[in-house]
Amino acid sequence: PPSKRETAFFLLIDRSGSMGAGVGGGQSKLFTALATAAVLEEALKGIAYTKIVAFDVGTNAVEHCVIKDFDQKEIGSRCIDAMEQIAAGNGNKDGYSIRAAALDLAKRTERRKILMVLSDGLPSGYFSEAEAIDDVRAAGGCSSSQSFTLRARTRTWMLTAVCMKRA
């Protein structure tokens, strides 16, 4: 690993109600997302300052549950611990959470800033699908962005990486 960390990595995990549904093998999409996050958390130890947040919409408010903060000690796996404590919630407002994460990343001094979102791509905190897409596109417009769609068994997973400009 490099002698100095030059990367801040922010992982957002959708914990809306649809993430409580199974993907096969009896595990929920949220469990699968947390397992994926645990692998990323382990891989980034000593390489990038990492923040992991699960989000959903509660009663008229977006809720962010911080699983791991940038400067927390890297002992064990916070994501594995979270598997027992975090459940799927209600709806989700992806755009709001992406904007909040981008603002948090903008405060960091690292040269590289990466934002990744794990979601099933079913935003429910909007009046229409078009509104949801416009909100997420607007949120990702902070700088350059790339979107990837991955297949996990028979479900489609949305993985969005937003790479911020260097400070």
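What follows is a short exchange about salt bridges and a helix.

Modeller: Before we start, please keep in mind that this is a predicted model, and that the values I quote are computed from it.

Colleague: Fine. How many salt bridges does a search of the whole structure find?

Modeller: The search turns up 10 salt bridges across the whole structure, and I can take you through a few of them.

Colleague: Which residue does the side chain of E63 meet in a salt bridge?

Modeller: The side chain of E63 pairs with that of R15, with an N to O distance of 3.6 Å. The two residues come from distant parts of the chain, 48 residues apart, since E63 belongs to strand β3 (residues 62-68) while R15 lies in the loop between β1 (7-14) and α1 (29-44).

Colleague: And R15, is that buried or exposed?

Modeller: R15 counts as buried because its relative accessibility is 13%, and the cut-off for buried is under 20%.

Colleague: What about D71, which residue is its salt-bridge partner?

Modeller: D71 meets R108, at 3.7 Å from N to O. This pair also links distant parts of the chain, 37 residues apart, with D71 in the loop between β3 and α2 (78-82) and R108 in the loop between α3 (94-106) and β4 (112-119). D71 is exposed, with a relative accessible area of 61%, whereas R108 is buried at 16%.

Colleague: Which residues in α1 are buried?

Modeller: The buried residues of α1 are K29, L30, A33, L34, A37, A38, E41 and L44, so under 20% relative accessible area applies to each of them.

Colleague: Where does E42 find a salt-bridge partner?

Modeller: E42 pairs with K45, with an N to O distance of 3.0 Å. E42 is partly exposed at 48% relative accessibility, and K45 is likewise partly exposed, with a relative accessible area of 22%.

Key: Residues are numbered from 1 along each chain as its sequence is written. This is a predicted model: local features need pLDDT of at least 70, side-chain atom pairs count only at pLDDT 80 or more; totals for chains, interfaces and linings use all residues. Side-chain values use heavy atoms; hydrogens and water are left out. A salt bridge is a side-chain nitrogen of Lys or Arg within 4 Å of a carboxyl oxygen of Asp or Glu. Helices (H or I, at least four residues) and strands (E, at least two) are DSSP runs, numbered from the N terminus. Buried means under 20% relative accessible area, exposed over 50%, partly exposed in between (1.4 Å probe, protein chains only).
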